[in-house]
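Biologist: I have this chain open and would like to walk through it with you. Could you take it slowly, please?

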Amino acid sequence: IQNALGKGGFAKVYKAQEREPSNTIVQTVALKVIPKTRVSRPDQLQKVKREIELQSKCRHPNIVQMFSNWESESCVAVSTKQINPCGDYDHYFINSR
């Protein structure tokens, strides 16, 4: 994990590097970390897991690509394509058409 990119109602998003087992950097990603304390009710956690399942199957230019996801005792995490290192999404979408 390199630095924080932002936060929302449930999660924080970090700039991170995905690495091979040999520690070689594969790519820079956006890492969304959802603490389980924020989704403490079983229905909330199930909804998060369902959204992850659906996003993992999506392949479309207007949907951010998911690379991987995992769950620990304390959190659920999702790595996605970091679409704009500057954090200016309006600029990214206007100039990517």
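Biologist: To start, how many helices and strands are there in the protein chain?

Modeller: The protein chain has 2 helices and 5 strands, where helices (H or I, at least four residues) and strands (E, at least two) are DSSP runs, numbered from the N terminus. Please keep in mind that this is a predicted model, in which local features need pLDDT of at least 70 and side-chain atom pairs count only at pLDDT 80 or more, while totals for chains, interfaces and linings use all residues. Residues are numbered from 1 along each chain as its sequence is written, and side-chain values use heavy atoms, with hydrogens and water left out.

Biologist: Which pattern does the chain follow along the sequence?

Modeller: Read along the sequence, the pattern is β-β-β-α-β-β-α.

Biologist: And how much of the chain is buried?

Modeller: Of the 97 residues in the protein chain, 23% are buried, where buried means under 20% relative accessible area, exposed means over 50%, and partly exposed lies in between (1.4 Å probe, protein chains only).

Biologist: Let's look at α1. Why does its span agree with its number of residues?

Modeller: At 1.5 Å a residue, the 16 residues of α1 should span 22 Å, and its end C-alpha atoms are 23 Å apart, which agrees. The expected span here is 1.5 Å times one less than the number of residues in the helix.

Biologist: Which residues of α1 are buried?

Modeller: Gln-44, Leu-45, Val-48 and Ile-52 are buried in α1. They cover an arc of only 100° around the axis, so they sit on the same side of α1; the arc is that of the directions from the helix axis to the C-beta atoms. On the other side of α1, Pro-42, Lys-47 and Lys-57 are exposed.

Biologist: Changing topic, how much space lies in the largest pocket?

Modeller: About 530 Å³ lies in the largest pocket. On a 1 Å grid over the protein atoms alone, a pocket is an open set of points where a 1.4 Å probe fits, with protein on both sides within 12 Å along at least five of seven lines, and lining residues have an atom within 4 Å of a point. Grid points are joined across faces, edges and corners, and the volume is the space filled by probe spheres set on the points.

Biologist: What lines the largest pocket?

Modeller: There are 21 lining residues, of which Ala-11, Lys-32, Ile-34, Glu-51 and Gln-55 lie nearest the centre of the pocket. The elements that give two or more residues to this lining are β3 (25-35), α1 (42-57) and β5 (75-81), and the largest share, 6 residues, comes from α1.

Biologist: Now Ser-79, in strand β5. Is Ser-79 buried or exposed?

Modeller: Ser-79 is buried, with a relative accessible area of 3%. Not counting residues up to four places away in sequence, Ser-79 touches Glu-18, Val-29, Ala-30, Leu-31, Met-66, Phe-67 and Ser-68, where contact means heavy atoms within 4.5 Å.

Biologist: And where is Tyr-14 found?

Modeller: Tyr-14 is found in strand β2 (residues 12-19) and, at 22% relative accessibility, counts as partly exposed. Leaving aside neighbours within four places in sequence, the contacts of Tyr-14 include Ile-1, Val-29 and Val-33.

Biologist: Last one, where does Thr-28 lie?

Modeller: Thr-28 lies in strand β3 and is partly exposed, with a relative accessible area of 34%. Thr-28 and Gln-82 are 54 residues apart in sequence and 6.9 Å apart in space, C-alpha to C-alpha, and Gln-82 is also one of the residues that Thr-28 touches.
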